[in-house]
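Hi,

Here is the structure I promised to pass on.

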Amino acid sequence: MSRKKLRQRSCIACRKLENWTDLIRTVLVNNEVKVDLNHRMPGRGAWLHRNCIRVALERKAFNHSFKFEGEIKYQELEDYLKNLSDY
Ligand SMILES: [Zn+2]
């Protein structure tokens, strides 16, 4: 059985390398974090585990990842995560 090799990304919170299919891609639009479900949105993406959001927020990992110094809004991302069944 042959498997395509998956690209790997590292989680912005815990830094673990993971197949990108296991992470959530987010992009920053203005000052708001958007969930990029189809991996089609332009710009720099920040990848994270769904369970790593708390750590990411505590460490301001989004600010580092997006090189953004102002206040970032996470509402959409938090709503998205809340709707996942096993969150
Ligand atoms: Zn993680």
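This is a predicted model: local features need pLDDT of at least 70, side-chain atom pairs count only at pLDDT 80 or more; totals for chains, interfaces and linings use all residues.

Let's start with Ile53. You'll find Ile53 in helix H1, which covers residues 53-58. Is Ile53 buried or exposed? There are 22 other C-beta atoms within 10 Å of Ile53, and the cut-off for buried is 20 or more, so Ile53 counts as buried. As for who sits around Ile53: once you set aside the neighbours within four places in sequence, the contacts of Ile53 are Leu48, Leu77 and Leu81. I also have a distance for Ile53 and Leu28, which are 25 residues apart along the chain: their C-alpha atoms are separated by 15 Å.

Now for the loops. Asn30 is in the loop that links strand E3 (24-29) and strand E4 (32-35). Its backbone is worth a look in your viewer: phi of Asn30 is near 55°, which is a positive value in a residue other than glycine. Asn30 has 9 C-beta neighbours inside 10 Å, and a residue with 12 or fewer is classed as exposed, so that is the label for Asn30.

Then there is His39, in the loop between E4 and strand E5 (45-48). What is the phi of His39 near? The value is near 55°, again positive in a residue other than glycine.

Cheers

Methods
Residues are numbered from 1 along each chain as its sequence is written. Helices (H or I, at least four residues) and strands (E, at least two) are DSSP runs, numbered from the N terminus. Two residues are in contact if their C-beta atoms, placed from the backbone, lie within 7 Å.
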